[in-house]
Amino acid sequence: MKTILFLSLFFTTIYAQHSESSLKILIIGKVAKYITWQESHHKNFIITVLKNRDNNIFDTTYHNRKIKHKPVIIKYIDDIKKLTKTDILYISSLNSKDLSKILQYIEGKNIFTVSDIRGFAEKGGMMQIYFASQRVKLKINLDVTQQEHFKIKSSLLRIANVLRGDSTNE
Amino acid sequence: MNKLLNKITLSTLLIISQTVQADDDIFNESLEDLLSTETELKADIGSRNGATNILESRSPIDVITHQQIQTSNLTSLTDILRYFVAGFNAPETSVADGSDHIRTFTLRGMAPDQILVLLNGKRVHTSALLHVNGTIGRGSSNVDLDTIIPSSIEKIEILRDGAAAQYGSDAIAGVINIILKGANNKNIFAIHSGKRVKGDGENVVADSFITIPLRYDGFVNLSLQMKSQKPTNRAGEDKRLKNPRVTTHVGIPDSQNFLATLNTEIAQFNNLLIYSNATLNYRDSKASAFFRPSDHSEQTSLLYPDGFLPLLDAKILDYAFTLGVNGEFGDEIFWDLSNVYGYNRINYYVTNSMNYSLGASSPTSFYNGSLSFAQNTTNLDLKKDYNQLKIAGGLEYRYESYQIEAGDKASYIDGGSQGFPGYSEESDIDKDRYSYALYLDTTYLFHEGLSLEGAIRYENYSDFGSTTNLKLASDYKILKNILLRTSISTGFRAPSLAQSNYSNIATFSGVRSGTFQPYAPISQELGAKALKAEKSQHFTIGTVYKLTSSTTITIDYFLTDVNDKIILSDPQTLTQEQQLKYNVEKISCFTNAVDTRTYGIDIKLNKNFIFQNSNALDVTFWYNYNKNRILNNITKENSFEQIDRIENGQPKHNIKLLSKYTTQKITYTLNLNAFSDYAQVKENHRYWFKKQLITDVDISYKARKDIILSLGSNNIFNSMPNRWDGLSTQYYGYDSIKPYSRYSPFGYSGAYYYLNLSIEF
């Protein structure tokens with residue numbers, strides 16, 4: 001019995017290291033509960049993924065899941081012009097060259113943009129996901145979210161790095 | 001038997017249930033919890049095709065994080081690697097000329113120049129120093145790791161595999177890639193003070209890390225360090241004196257260091273990234289030679305009636321500067337163009353000495369000349385992913401130069417300054433060479449859990465010709481949590497410019513002996529040949545077993561054969577005729593003499609616990625076994641010391657047990673480091689030095705969120721190596737000036753106690 005207790009202590013899975021990709025994709029959905037869209041477009045909660053390589057992780061993560069009490073639908077597109085109604089647009093780092101065109105295209109459409117492109121928040125994106133010291137971190141451009149009429153709960157702003165005008169607050 | 005089966009079944013069920021639960025739980029975790037979750041450890045080393053999770057890499061990789069560096073409270077990079085990496089050896093030598101001032105290090109018992117060191121993925125220049133005394137690493141030049149400030153480091157990646165087919169020369173025992181801190185760090189100021197158990201060796205270090213954020217996650221990071229290390233002395237009594245007393249300094253040298261490390265990235269809106277880093281180190285380090293008792297001659301007595309202790313002062317300047325730019329063109333083709341310039345110069349001065357041949361009119365202080373080495377490396381890298389196929393390749397051009405500058409005439413004529421004779425005009429040299437390389441590295445991902453990597457590199461050196469090297473590596477997940485990995489490769493190490501061009505003549509105990517270039521007339525007369533590259537073959541096979549998501553075991557076997565390893569030959573006594581002709585009695589010269597085989601195993605276990613109250617316990621167990629053998633027949637009578645240094649001079653077994661228990665306010669660290677016995681040859685006889693256990697402890701108290709006060713000790717129980725067993729000569733022996741072996745993996749200065757204050761802002 002002592003041996004089993006020892007082994008159970010040794011093998012206890014309380015603590016885990018997760019892949020950057022899976023954490024990033026989970027967080028895209030997690031932040032939704034802190035955000036209020038101007039109007040609810042549809043019955044489903046739609047995340048559109050623009051030109052990405054880890055699509056199977058999106059499928060496995062959000063299969064049969066709900067966000068804001070709505071079933072999650074994941075759409076994949078490889079060209080911004082194919083974008084249909086969506087709540088969140090995930091812009092993968094493969095789009096970094098075309099970022100300004102993408103952001104221009106969705107301006108005024110009340111779409112919450114998320115990306116891990118370097119400098120995304122400063123370049124006019126809404127929420128940037130980045131990694132530092134083996135932790136995932138968020139950077140939110142509050143000006144852009146307000147321009148697009150999003151309301152963001154203060155509890156999210158407290159744990160994110162917030163860009164406001166020319167200033168940055170942890 | 002039934003009881004045992006029940007235990008195994010119950011434990012297995014427990015593991016399975018908890019693993020499944022872990023996978024399911026993550027979706028239900030809060031955003032706050034996800035943001036505090038530790039992500040996978042990734043490394044950029046081992047493949048040119050992008051960073052990989054170290055538990056899914058095709059070759060064994062270890063990572064030391066900046067949190068580990070910070071909590072270790074160590075102020076030297078060499079010590080940090082020795083602290084965390086089993087099989088990494090960095091002895092502290094003394095009375096060994098330049099080797100006292102630039103620490104040598106080995107991995108798996110292989111030579112210091114068989115380890116490639118990179119900074120942010122770019123080759124770091126070696127020191128100009130060639131270890132020519134009987135230290136570990138004799139005959140090689142190594143990178144001076146202590147030129148980089150620990151607080152500037154984000155992580156250290158250690159590839160335990162041959163990788164010359166990817167990175168070129170020197171990547172034989174492994175590759176150490178030092179990654180500097182990037183964006184999103186805090187400013188740090190730290191002050192460290194400590195001393196040895198005997199009250200000497202006071203060490204005071206002031207350290208700062210300053211970061212300035214720039215647009216688009218760009219940054220300028222500047223680290224500065226001032227370090228004052230007072231000497232230790234563990235010398236025995238000098239039996240040559242009528243009334244024996246301690247006359248010589250045997251221990252850590254007296255050194256003052258200034259270091260600066262800069263890392264900057266300037267990102268443009270169009271994804272163009274301009275990056276740069278620089279390191280600077282100025283070191284003034286003083287150590288002694290053996291005491292010279294008074295010979296009661298008229299000339300000597302006038303200057304030093306009671307004898308004298310010559311002091312060698314090495315003033316070392318080391319700097320490097322990298323400038324690069326990268327971006328993307330066409331259809332997701334990533335490019336990177338960079339240039340790295342590195343320079344190391346050692347100026348030698350001898351004080352409190354004399355040149356016997358000049359009698360009472362001899363100066364007592366000398367400039368003994370300098371060694372310098374410069375390296376400039378230009379790379380163009382390209383990378384492209386085609387779904388499952390990743391291709392990376394590039395071009396490299398490297399220019400190297402090596403100089404020896406003669407010292408004052410009085411420092412080298414007729415025997416030269418006592419303690420360390422200066423470099424003469426005959427040694428004065430300025431040599432250079434260039435090389436270019438083409439390389440390709442491709443990875444094909446058949447499916448998740450099966451990949452194959454192939455790398456090829458062609459390299460042409462202006463001095464010894466060309467070489468092509470290959471590597472094949474694969475990983476295969478036989479189960480979701482069990483990965484098998486293997487690699488096979490060839491490699492090489494180009495002879496260094498120092499090995500090809502170093503020469504010096506010294507007089508010790510009345511014997512005039514010299515190191516000559518392989519192309520010098522005397523060397524040619526004795527049959528020396530121009531140096532060629534060392535060639536190597538590598539094989540590794542291993543497994544990664546993720547018992548649970550918090551428990552990992554890695555087991556890796558390695559085998560490395562090196563042909564034509566370059567060594568500095570033992571001094572060869574010349575014939576009377578040759579002695580008259582060349583004015584020297586013994587000569588040594590670098591030669592491709594040795595074929596070696598190194599094999600062994602690394603077993604590593606990592607376990608992390610987080611308890612209900614958020615306290616955490618991290619435990620790492622790491623066992624390294626390495627055996628080095630010489631395969632070819634070289635004259636044992638002439639080279640017994642050299643052979644034995646390679647085969648038995650370093651511990652074959654090393655166990656590290658690293659543990660850290662973290663509460664909200666206090667972090668407790670307890671590390672055990674055990675290594676097996678090792679031997680040193682003296683007077684043609686092998687002397688063994690016993691296994692040792694070194695214990696390190698540290699208690700760090702978080703006074704506020706941003707202020708940490710630490711109290712700790714390295715080698716708290718003052719474990720000392722045993723003295724020479726049965727040897728008693730004038731200089732070496734249990735009752736002599738040097739009572740301990742210079743091979744001792746943890747030196748012989750004893751326990752070190754310290755206080756450290758760190759402030760983040």
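**Figure 1. The exposed face of helix H3 of chain A.** In this predicted model, Asn56(A), Asp59(A) and Thr60(A) are the exposed residues on the face of H3(A) turned away from its buried side. Helices (H or I, at least four residues) and strands (E, at least two) are DSSP runs, numbered from the N terminus. Residues are numbered from 1 along each chain as its sequence is written, and chains are lettered from A and ligands numbered from 1 in the order in which they are written. Local features need pLDDT of at least 70 and side-chain atom pairs count only at pLDDT 80 or more, whereas totals for chains, interfaces and linings use all residues.

**Figure 2. The buried side of helix H3 of chain A.** Within H3(A), residues 55-62, the buried positions are Phe58(A), Thr61(A) and Tyr62(A). They lie on the same side of H3(A) because they cover an arc of only 75 degrees around the axis, the arc being that of the directions from the helix axis to the C-beta atoms. The buried residues of H3(A) pack against helix H2 (20-30), strand E2 (45-50) and strand E4 (70-77) of chain A; a contact requires C-beta atoms, placed from the backbone, within 7 Å. Asn64(A), which follows H3(A), has a positive phi near 60 degrees.

Figure 3. Side chains alternate along E20(B), residues 450-461. Ser451(B), Glu453(B), Ala455(B), Arg457(B), Glu459(B) and Tyr461(B) point to one face and are buried.

**Figure 4. Pairing of strands E19 and E20 of chain B.** E19(B), residues 429-447, pairs with E20(B) in the antiparallel sense over 12 bridges; pairing requires that DSSP find at least two bridges between the strands. Tyr458(B) in E20(B) has Leu438(B) opposite. Two residues lie between the strands of this hairpin, in which Gly449(B) takes a positive phi near 110 degrees.

**Figure 5. Pairing of strands E20 and E21 of chain B.** Antiparallel pairing over 12 bridges also links E20(B) to E21(B), residues 465-479. Gly465(B) in E21(B) stands opposite Tyr461(B). The hairpin joining E20(B) to E21(B) runs through three residues.

Terms used
Buried ≥ 20, exposed ≤ 12 C-beta atoms within 10 Å, placed from the backbone. Contact = placed C-beta atoms within 7 Å.
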